[in-house]
Amino acid sequence: MVSRSSIGASRHGELFWLCNARVPDSLLAPSDRAALPAAGKGLRSAHLCIADGRVRSLTAAQVPTEAPQFDLRDGVVTSAWVEAHTHLDKSHIGPRTGRDDNSLQEAIAVAGQDRAGWTEADLLHRMDFSLRAALAHGTRALRTHLDWTSAPPPLAWRVAQGLRNTWAGRIELQLSSICPLPLFADGPAGKAVAHAVAQGQGVLGASVHPMPGQRDLLARVFALARDTDLDLDFHVDEHLQDNTEGMRTIADLTLRHGMEGRVVCGHCCALGTLEAADLHVLLGRFAQAGIQMVSLPLANLQLQDRQPGRTPRLRGIAPLREAAAAGVPVSIASDNVRDPYVPYADLDLLQVLTVTALAAQLPDPIEQWISSITCEPARALRLDWDGILRPGCPADLVVLAGRSSHEICSRPQAARRVMRGGRWSESALPDYRELDV
Ligand SMILES: [Zn+2]
C-alpha cells in the first residue's frame, strides 16, 4: 500500500507508475480487458502509468526500473466515485431535530420545520462540510437535490450555485430541484420553476407517489422539460404499496417525448411489490426508455416498513439484480446524510455499496457492482468522463488497500488513498465538532 511518506513524490506533470494494481473488469475497455491477465474473479492485474494528470497506459509488461513507482501490492484501483443522489441542503440537521426514528412522512415534516430556520451561513457551512467529506472519501462528482416548494427559487439553490463555482475542479456539483408534484398544477408556478432551473443550469426534479391527477401532472413536467431543454430526475414510488403507476407513466412519457437517456428515477421501491412477470415488463419498459435507476438503500432500509416498536419485515430496496439483468443502468447512491431521514451516513459510497451488498445480497460488490458508484452514475449525470480506466482518462482514482471485496468491504472506512489529477489528495474528513454552533 502507498505509504504517507511517499505522497509528496507525485507532482503534477511528473511521470510515475502505480504498480501491481488490480482493476475491476467492469472499469476496463474491452481491448484492455483482453490484454491484461486475470487476477481472480472479475479483476485484472495492471501497472498504470500516470503522467500530466492522466492515465497514460495500463500494461502487464515490466515497468522500467528507473521510473518512479508505487507498489500497490495487488490493491484494487477504481475510478473516483460519482454520487448520483443526495440532499446537501438537509445534511447534518438530524442531531438538532432530536429524533432518529422518523417515518418518511415524519421526516418530511421535521425537515420542513427545520428548513424555516435555514440561513445562508447555515446552509453554506453544512453543505461545504458534506462536500469535504465526499471529496475525502473519493467522490469526483455529485448531484444534490434541493427542496423547492413554491415558485421562487429557494435560498439553498443560490447557495449551491455558489458552491458549484468554488468547488469546480474538486467536485463537479450538479443541482436538481425536488418539487412536490402538485406544484405543477399551477401553470405559471411550474413555468417559473422550470425557467429558474434552466437559468441555473440545473435538472428538473419532482417527488412522485400515488396521488389524484398524477398522470396529468407528470405530463406537465415533461412538457416543461421539453420546452426548456432540461434533464429530469424523479423521486418515484418510494413506498411499498401495490402501485407502480408513477414509474409506468414516467417510462411512457420519456418515450413519447424522445427523452431517452435524460431521465433518472430514484428509489423505485414499489418495484419490489410486483410479481416476476409484471416486474419484467416494467423493467423492459425502463430499458427501452433509457431510464437510469438510482437506488438509495440507506434511506429505504431506514424508512420503509417502519412501524413504532416493531422490527421491519420488508427492506424496501428495489430489485437491483433484476433491473441490471433487464438492461436498466443501476446506480447506488447515498440519499440523505445525518438528517431526519437517515441518521448515520457520511457520503461515503464505499460504505453505501457495502451496506447494499449485505442488504440486497449482491455478490462480489467490488468486482461486479463497482460500476454502480462509478460508471453508471457518470452516465446518469452525463459527465464528460464515463469512469472507464482507459489511456488518456483523468487520473482521478481511488486506490484501495484491499485486494478483493472480502478485504475491502470488511474494512471499508479508511483503507484507501484518493488521487485527483495525478496527485495524491491531502483532503481529510472534517471533524463533526465543526458543526457545533
Ligand atoms: Zn432523495
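How many bridges join β6 to strand β7, and do the two run parallel or antiparallel? The legends below start there, and every view shows a predicted model.

**View 1. Strand β6 beside its partner β7.** Four bridges link β6 to β7, a strand made of residues 139-147, and the two run parallel. Look for Thr86 in this pairing: it stands opposite Thr144 in β7. Strand β6 itself covers residues 81-86 and is mostly covered, with six of its six residues buried.

**View 2. Helix α12 and what lies over it.** This helix spans residues 349-359, and its buried residues are Leu349, Leu350, Val352, Leu353, Thr354, Thr356 and Ala357. Who does the covering? Strand β6 from the previous view is part of the answer, and so are β7 and β13 (330-332), along with the helices α4 (120-137), α10 (297-303) and α13 (365-369).

**View 3. A four-stranded open sheet.** The strands come in the order β5-β14-β15-β16, and the pairing is antiparallel. β5 (77-79) and β16 (423-424) sit at the edges with a single partner strand each, so one side of each has no neighbour in the sheet. Zoom in on β15 (residues 416-420) and you'll find two bridges joining it to β16. Here Arg420 stands opposite Arg423 in β16.

**View 4. Where the two domains touch.** The chain is split into domain 1 (4-80 + 387-424) and domain 2 (81-380). Their C-alpha centres lie 31 Å apart. At the contact, 21 residues of domain 1 meet 19 residues of domain 2. On the domain 1 side, the elements giving two or more residues are β5, α15 (405-408) and β15. That side of domain 1 is made up of eleven nonpolar, seven polar and three charged residues.

**View 5. Inside the largest nonpolar core.** There are 130 residues in this core, and Leu48, Val221, Leu232, Cys265 and Met293 touch the most other members. Helix α4 gives the most to the core, with eight residues. Both domains take part: at least three residues come from each of domain 1 and domain 2.

**View 6. Close in on Met293.** Leaving out residues up to four places away in sequence, which ones does Met293 touch? The list runs Cys265, Cys268, Phe286, Ala318, Ala323, Val328, Pro329 and Val330.

Notes
Residues are numbered from 1 along each chain as its sequence is written. This is a predicted model: local features need pLDDT of at least 70, side-chain atom pairs count only at pLDDT 80 or more; totals for chains, interfaces and linings use all residues. A residue is buried if 20 or more other C-beta atoms lie within 10 Å of its own, exposed if 12 or fewer, and partly exposed in between; C-beta atoms are placed from the backbone. Two strands pair if DSSP finds at least two bridges between them. Two residues are in contact if their C-beta atoms, placed from the backbone, lie within 7 Å. Domain bounds come from an automatic or database domain assignment. Ala, Val, Leu, Ile, Met, Phe, Trp, Tyr, Cys and Pro count as nonpolar, Asp, Glu, Lys and Arg as charged, and the others, Gly among them, as polar. A nonpolar core is a set of buried Ala, Val, Leu, Ile, Met, Phe, Trp, Tyr and Cys residues joined through C-beta atoms within 7 Å.
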